[in-house]
Amino acid sequence: MPEGMRRAPSQQAFIRAVKQHADALTLKCHAYRNLTEVAGKLADWADWTTLTTRPTEQRIADDLDLALSTVKRWIRWLREHGFLGVVEEGTTVRFRRGNRCGLDDDGHGNRAAVWVLCVPAPELDDHYLRTDKTTTEPPSCTSRRGVQEGPTHAREERSTPRRRNRISTTTEATATPGTRKHALQIAQKIHDASTTLRRLSPWCIRHLTRVFVAAGWTAGDVLHALDHQPDGAAWTYTWTSRDQIRNVPGWVRFRLSMWLDEHGRPLPGKSQRLAAAAAKLRAEQAVMREQFEAMNARRVGGPVELPPRLSRAEALAPPPVRVRGSGSGPSAAYRAARTALDEKRLGEAHRVASSTS
């Protein structure tokens, strides 16, 4: 066990201790994310009883889609800060002791490194602390706070709140266009959409695309420019995997440089070109509509006044119900004409009856 550490009681306690460490909270956002992902993968492979874990570094890199050097760097960080205790170093047949440089095969093959998950040990009271100057005390007992205020105890006071992770840019409200926060949100969208640019941090993508975002480009415009030339032709690829790109920032700069004019200003992006084409089409339609109305006006001898267009609510509204008043009814002329018609029909009926009799 590293000095000042103890075996973690659970995987959750190990991950929580790594996330709340003071040095981890001072890391940049993408570094903090990689550290917590590597620690979480080590905890996933840990044995529930012994809290030992033995995934290979290459396996962690493949599962998290990270570079092998990145995984090695954060495992070394965990070991230097005492979160990983070494149970067995990783060895191969050639370099293992007792095999005569690989001439004798012991049958074990290549053995992965075995680590034990550790968390900081609880601080002890002054009664249990050793005062011998030749011994090395845990770092938590020799801190400035421990010297001035004495050792802390569990639940004695509330701990300082952990600083919020700054990597989440898409979950926040939309920033004002043109600000650095807005540019970072666009860079985060590009980072999530492109598997090639996922090897870069959102801050690096914002730096590479800052001129184009300031010109009004969107994340889709940047991704379209990385795959197409300004004339619409698609870029040809000479590599079969994104891992073959050695210098991703240089590759991005070269592709985007083709979208700059002779003065270094960005050309209109795909969305801007589509918006300009739509505005031009609407203007042409307005001109054609005016010409058609003028032609109809000359045909009928004057301007045609169309009835006002009803709104959707007025068009779907039922017709108003007409309520008859108490004094409404047929007029006197209608009653007189109706009485004369009834008398005429009655007289004709009598004549027909008398003629038949």
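A nonpolar core is a set of buried Ala, Val, Leu, Ile, Met, Phe, Trp, Tyr and Cys residues joined through side-chain atoms within 4.5 Å. Buried means under 20% relative accessible area, exposed over 50%, and partly exposed in between (1.4 Å probe, protein chains only). This is a predicted model, in which local features need pLDDT of at least 70 and side-chain atom pairs count only at pLDDT 80 or more, while totals for chains, interfaces and linings use all residues. Residues are numbered from 1 along each chain as its sequence is written, and side-chain values use heavy atoms, with hydrogens and water left out.

View 1. Helices (H or I, at least four residues) and strands (E, at least two) are DSSP runs, numbered from the N terminus. Of the 357 residues in the protein, 27% are buried. The accessible surface comes to about 25,600 Å², and carbon and sulfur atoms hold 54% of it; these areas come from the Shrake-Rupley method with a 1.4 Å probe. Among contacts (heavy atoms within 4.5 Å) with a separation of 6 or more, 62% join residues 24 or more positions apart.

**View 2. The largest nonpolar core, with 32 residues.** Look for F14, L78, F83, L84 and L117, the residues with the most contacts inside this core. At least two core residues come from each of α1 (11-19), α2 (22-25), α3 (29-44), α4 (57-64), α5 (68-80) and β4 (114-120). Helix α3 gives the largest share, 7 residues. Apart from this core lies another one, of 21 residues, including A187, L200, W217 and V252.

**View 3. F83 and its neighbours.** Which residues does F83 touch, not counting those up to four places away in sequence? They are M5, F14, A17, V18, H21, W77, L78, V116, L117, C118 and P120.

**View 4. Helices α3 and α4 packed at an angle of about 115 degrees.** Their axes, lines fitted to C-alpha atoms over the stretch in contact, with angles running from 0 to 180 degrees between N-to-C directions, are 11 Å apart. From α3 come E37, V38, K41 and L42, and from α4 come I60, D63 and L64. By class, this contact has 4 nonpolar, no polar and 3 charged residues. Here Ala, Val, Leu, Ile, Met, Phe, Trp, Tyr, Cys and Pro count as nonpolar, Asp, Glu, Lys and Arg as charged, and the others, Gly among them, as polar.

**View 5. H224 in helix α10 (residues 219-227).** H224 counts as buried because its relative accessible area is 19%. Beyond its neighbours within four places in sequence, H224 is in contact with W259 and K270.
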